[in-house]
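Dear colleague,

Please find below the structure that I am handing over to you.

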Amino acid sequence: MNSARLHRLARHLRELAVQTTAAHDETLPSLSVLNIMEDVAHHPETPIGEIARRVGLAQSLVSKTVAELREAAVLVTRPDPADGRRVLVSVKPDTLEGVLRQRGKLPISDTLAQTHPHLNAAQLGRTQDLLDELAELLLERPEASTP
């Protein structure tokens, strides 16, 4: 596999994840919103500048997105006690528990079947097995944690 193909695969897997976790009546979030939400879920109480650095987005876009998600009652912010010019960002606790973790447990089988109708049942099962194996090999390190 080369890097271009890896990028295509990564984008496709992200799209599958979004389709699996989005409610039927929801507009699918942009990749930047997803990256910000994922980062904040993994790094609560973090300043906007740090989020921007980790996700590779402009601080102005992160600030705007955080403000929109705060208005939507998804994120919460509070002044940084160490530096009053900064705010610390976290996922709203009931959003984290009630939505993100629940949706994160949804199986991908239906989404795979809908988006890949050319695959038969055996191929769909093998695809899921391979994705599970990749996750174990690449993501499931002892120091890794998930929200």
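Which residue in β3 is the bridge partner of Asp80? In this predicted model, the partner is Asp83. The two strands concerned, β2 (residues 75-80) and β3 (residues 83-91), pair in the antiparallel sense over six bridges. Together they form a hairpin, with two residues between them.

Asp83 also takes part in a salt bridge with Arg85, in which the closest N and O atoms are 3.0 Å apart. Asp83 counts as buried, at 18% relative accessibility, whereas Arg85 is exposed, at 75%.

In total, the structure has seven salt bridges. Another of them joins Asp39 to Arg54, with 2.7 Å between the closest N and O atoms. Asp39 belongs to helix α2 (residues 31-42) and Arg54 to helix α3 (residues 48-55), so this pair ties together parts that are 15 residues apart in sequence. Asp39 is buried, with a relative accessible area of 7%, while Arg54 is partly exposed at 28%.

A further salt bridge links Glu68 and Lys64 (3.7 Å, N to O). These residues are four apart in helix α4 (residues 59-71), which means that about one helical turn separates them.

Finally, I would draw your attention to the second largest pocket, which holds about 460 Å³ of space. Of its 17 lining residues, the closest to the centre are Leu9, His12, Leu13, His116 and Thr127. Helices α1 (3-21) and α7 (121-138) are the elements that give two or more residues to this lining. By class, the lining comprises nine nonpolar, five polar and three charged residues.

Yours sincerely

Definitions and conventions:
Residues are numbered from 1 along each chain as its sequence is written. This is a predicted model: local features need pLDDT of at least 70, side-chain atom pairs count only at pLDDT 80 or more; totals for chains, interfaces and linings use all residues. Side-chain values use heavy atoms; hydrogens and water are left out. Two strands pair if DSSP finds at least two bridges between them. On a 1 Å grid over the protein atoms alone, a cavity is a set of points where a 1.4 Å probe fits but cannot get out, and a pocket is an open set with protein on both sides within 12 Å along at least five of seven lines; lining residues have an atom within 4 Å of a point. Grid points are joined across faces, edges and corners, and a volume is the space filled by probe spheres set on the points. Ala, Val, Leu, Ile, Met, Phe, Trp, Tyr, Cys and Pro count as nonpolar, Asp, Glu, Lys and Arg as charged, and the others, Gly among them, as polar. A salt bridge is a side-chain nitrogen of Lys or Arg within 4 Å of a carboxyl oxygen of Asp or Glu. Buried means under 20% relative accessible area, exposed over 50%, partly exposed in between (1.4 Å probe, protein chains only).
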